[in-house]
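Subject: Structure handover

Hello,

Here is the structure you will be working with. Please open it next to this email and follow along.

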Amino acid sequence: MLKSSLLDIPGINHGFYDKEDSIQDKNPITLSQIHSFLVVTLNEKEQSLPPADALVTNKPGLNLTLKTADCAPVLLLEPNQRIIGAAHAGWKGAFKGVLEQTILAMVRLGAKIEEIYAAIGPCIHVESYPVNNEMKTVFSRDEEPFFKRIREQEHFDLPEYVKYRLRNIGVSKIDQINIDTYTNENYNSYRRDPTNPARQFSSICLEKQTF
């Protein structure tokens, strides 16, 4: 399990798991992820959650957990107000606004955008991510730099695009775990093996405070 130096502070449990240690994640709260902009705000552990791609809470003991296999897991923390979030950001979700909607949900709980920390976990990198030419047409001209021509084919830079979306809404404290899930076989990769349904976990949880 890997940790972000930004989120590694007292009272916060978090981690980016590889495919082997994901099974060690305790009491994960997961979603049926659908590559959307939908966010669920949790006040307690619920038996059934609607399909969505992000979770936020200010309640301790709720282990917000993402499942990914090339998409970017983004863990979020506002340390002063003790508000956390977790967003599943593939290109479709990021394009639709899942990061912005997650941050706005945190703001509704009392977070200040300028105080939010963001950590981007292992995901597919630009060198490993060829895309078809049609995908580029849905993006604005300002977003064209996230496409790079490599070996005569368009490639998409997902982690840099995620950073761009975060910065645009006002999040400046951003960390990235620099691991390409496609080339690192310790991680599941849909692009490398689309027949494998396994996913790795990324999670964040507020510890219960004792006085």
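A residue is called buried when its relative accessible area is under 20%, exposed when it is over 50%, and partly exposed in between (1.4 Å probe, protein chains only). At 68% relative accessibility, Glu152 therefore counts as exposed. Two notes on the source come next. This is a predicted model, in which local features need pLDDT of at least 70 and side-chain atom pairs count only at pLDDT 80 or more, while totals for chains, interfaces and linings use all residues. Residues are numbered from 1 along each chain as its sequence is written, and side-chain values use heavy atoms, with hydrogens and water left out.

**Overall**

The protein chain has 4 helices and 12 strands. Helices (H or I, at least four residues) and strands (E, at least two) are DSSP runs, numbered from the N terminus. The radius of gyration of the chain is 16 Å, close to the 17 Å that the globule rule gives for 211 residues, so the chain is as compact as a globular protein of that length. That radius is taken over C-alpha atoms, and the globule rule is 2.2 Å times the number of residues to the power 0.38. The C-alpha trace spans about 60 × 35 × 30 Å along its principal axes. Of the 211 residues, 52% count as buried. A contact means heavy atoms within 4.5 Å. Among contacts with a separation of 6 or more, 66% come from residues 24 or more positions apart.

Two strands pair if DSSP finds at least two bridges between them. An open sheet is formed by 4 strands in the order β1-β12-β5-β2, with mixed pairing. At the edges stand β1 and β2 (28-29), each with a single partner strand, so one side of each has no neighbour in the sheet. Strand β1 (residues 12-16) is mostly covered, with 4 of its 5 residues buried. It is joined by 5 bridges to β12 (residues 200-206), and the two run antiparallel. In this pairing Asn13 stands opposite Cys205. β12 also pairs with β5 (residues 63-68), again in the antiparallel sense, over 5 bridges. There Leu66 stands opposite Ser202 of β12.

**The cores and helix α2**

In soluble globular proteins, nonpolar side chains tend to be buried together. A nonpolar core is here a set of buried Ala, Val, Leu, Ile, Met, Phe, Trp, Tyr and Cys residues joined through side-chain atoms within 4.5 Å. The largest one has 33 residues, and those with the most contacts inside it are Val74, Ala89, Leu99, Phe156, Leu158, Val162 and Leu166. Which element gives the most to this core? It is α2, with 5 residues. A second, separate core of 24 residues includes Leu49, Leu66, Ile84 and Tyr117.

In α2 (residues 98-108), the buried residues are Val98, Leu99, Glu100, Thr102, Ile103, Ala105 and Met106. They pack against β3 (39-42), β4 (54-57), β6 (72-78), β7 (83-89), α1 (91-96) and α4 (158-169). Leaving aside residues up to four places away in sequence, Leu99 touches Val74, Ala87, Ala89, Ala94, Val162, Arg165 and Leu166. Just after α2, Gly110 takes a positive phi of about 120°.

**Aromatic rings and cysteines**

Rings of Phe, Tyr and Trp (its six-membered ring) pair if their centres lie within 6.5 Å; planes under 30 degrees apart count as stacked, over 60 as edge-to-face and the rest as tilted. The count by this rule is 12 aromatic pairs. One aromatic cluster is formed by Trp91, Phe95, Tyr129, Phe139, Phe146, Phe147, Phe156, Tyr161 and Tyr164.

A disulfide is a pair of cysteine sulfur atoms within 2.5 Å, and the count is 0. Cys123 is in no disulfide, as the nearest cysteine sulfur, that of Cys71, is 8.8 Å away. Cys123 is buried, at 0% relative accessibility, and Cys205 also counts as buried, at 10%.

**Loops**

Most residues other than glycine have a negative phi, and most peptide bonds are trans. His35 is not a glycine but has a positive phi of about 60°. It sits in the loop between β2 and β3 and is partly exposed, at 32% relative accessibility. Glu152, in the loop between β9 and β10 (153-156), has a positive phi of about 65° and is not a glycine either. Pro145 lies in the loop between α3 (133-136) and β9 (147-150) and is exposed, at 53% relative accessibility.

Regards
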